[in-house]
Amino acid sequence: MALVFLHHVVGDLTVGKPELVEFSEAETVEAAIRAIGDCAEGAIAVWRRRAPQQQQQAHLRSAAEPIAARFVGMLNSLDVVAFLSRSVGDHDKAMRTPVSEVVTPNASLLKGVDPGTRLIDALEMMKQGVRRLLVRKSVAWKGISKRFSVLYNGKWLKNVETSSPGAASSGPPSSSSLPDDKYCLLSREDVVRFLIGCLGALAPIPLSSISSLGAIAPHYAHIEASSPAIEAIRKVPQDPCAIAVVETNSDGTHKIVGDISAYKLWKCDYLAAAWAMANLSAGQFVIGADDNATTPISLPDFMINSPVEVTGASSRPRKFSSRSIGFFSNQTSQTAVGRLRSMYRGRSAPLTCKHTSSLAAVMAQMLSHRATHVWVTDAESEDILFGVVSYSDILHAVTKNPTNVVPPAP
């Protein structure tokens, strides 16, 4: 199993990845909505622009500011909906707001790495909270990938072909690359997609249950279905960016109703979702109200723009429904929270698995839905919430097995 991580490098995962297109913090929220719909994990990386003199001298490596130094932070769909739900008055003005006023700066979410970096080191970075790896688009790299590691004494090891064994260097291993401004981004989804293609080499871990592997996070953020949906903004953790909407049973267990997350809001109608978050309970928010409901909830008269079809804006008042925020339901919903659970169909249902599910099954489930997390329920009761599995939990599970211990570098 350890051979998968020792003999593969980050450059192996960049094959076919598109070249990085920077999203500037000067762009508008409306532009961010369009960009989020095309990005992995429903989030985009936000960058500061190069200074004018650096743009003119970008071809001179020493004159240009390192691209990683200009990274600001990540912006996801829930951040946008939360911002719009707090905005009062002119929604057009809110959509024209610069992203710099919405994104939370966090430079630790991105790490620039050489394409010759071992996969085991990349996994360790992501386990520690890195969301994106910035990799230079390369043709080839020198040396053998297992001879490099950022884990040994916190420094890069020199290529044994060019230096004595065990000697340390402060710089990354050299590589033969395209021009310095050619980069791509790797997400945790990219890493897990690569790992699921190596299930045979990872055996028997993928066939083990997520419970036995310790891949379930038992502590999760949650909100009562009867509470205002706007309260979720103050409770959502960074990873996964999700909060469970629950009903608390008499014995203290939680019965899951749905979730408010960046994944669920990824391709939604952002303005409709923002209005719903500001005006409805959490239970109503995750279910919506069907178009045929006896007492429909009407949206205020403002432009509702779709991130997919921005040109199809309409100022006609629309009923708030599961469709209006990107969720779907096949039956008429009831506003009583106690009857909401039975109405889940399609995208409105929370993505769940059993605590006895195998790691391979959960990985496949997350990738097929392009989800950032899966809620774990008890094997005997599909409603009782057991915990949550995120990308970080999966990476911990596949690397903490004793067979993964990395041998000393030659």
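Student: Is F71 buried or exposed?
Tutor: F71 is buried, at a relative accessible area of 5%. Buried means under 20% relative accessible area, exposed over 50% and partly exposed in between, with a 1.4 Å probe and protein chains only.

Student: And what kind of model is this?
Tutor: This is a predicted model, where local features need pLDDT of at least 70 and side-chain atom pairs count only at pLDDT 80 or more, while totals for chains, interfaces and linings use all residues. Residues are numbered from 1 along each chain as its sequence is written, and side-chain values use heavy atoms, leaving out hydrogens and water.

Student: Thanks! How many aromatic pairs does the structure hold?
Tutor: There are 2 aromatic pairs. The pairing rule takes rings of Phe, Tyr and Trp (its six-membered ring) with centres within 6.5 Å; planes under 30 degrees apart are stacked, over 60 edge-to-face, and the rest tilted. W47 and F71 have ring centres 5.5 Å apart and planes at 70 degrees, so that pair is edge-to-face.

Student: Where do W47 and F71 sit in the chain?
Tutor: W47 is in strand β2 (residues 43-47) and F71 in strand β3 (residues 71-76), 24 residues apart, so the pair links distant parts of the chain. Helices (H or I, at least four residues) and strands (E, at least two) are DSSP runs numbered from the N terminus. W47 counts as buried too, at 1% relative accessibility.

Student: What about Y220 and W375?
Tutor: Y220 and W375 form an edge-to-face pair, 6.2 Å centre to centre with 80 degrees between the planes. Y220 is buried at 18%, and W375 is buried at 1%.

Student: Switching topic: how many salt bridges are there?
Tutor: The count comes to 9 salt bridges, each being a side-chain nitrogen of Lys or Arg within 4 Å of a carboxyl oxygen of Asp or Glu. One of them joins E22 and R70, at 2.8 Å from N to O.

Student: Which residues does E189 bridge to?
Tutor: E189 forms a salt bridge with R193, the closest N and O atoms being 3.2 Å apart, and another with R370, at 2.8 Å.
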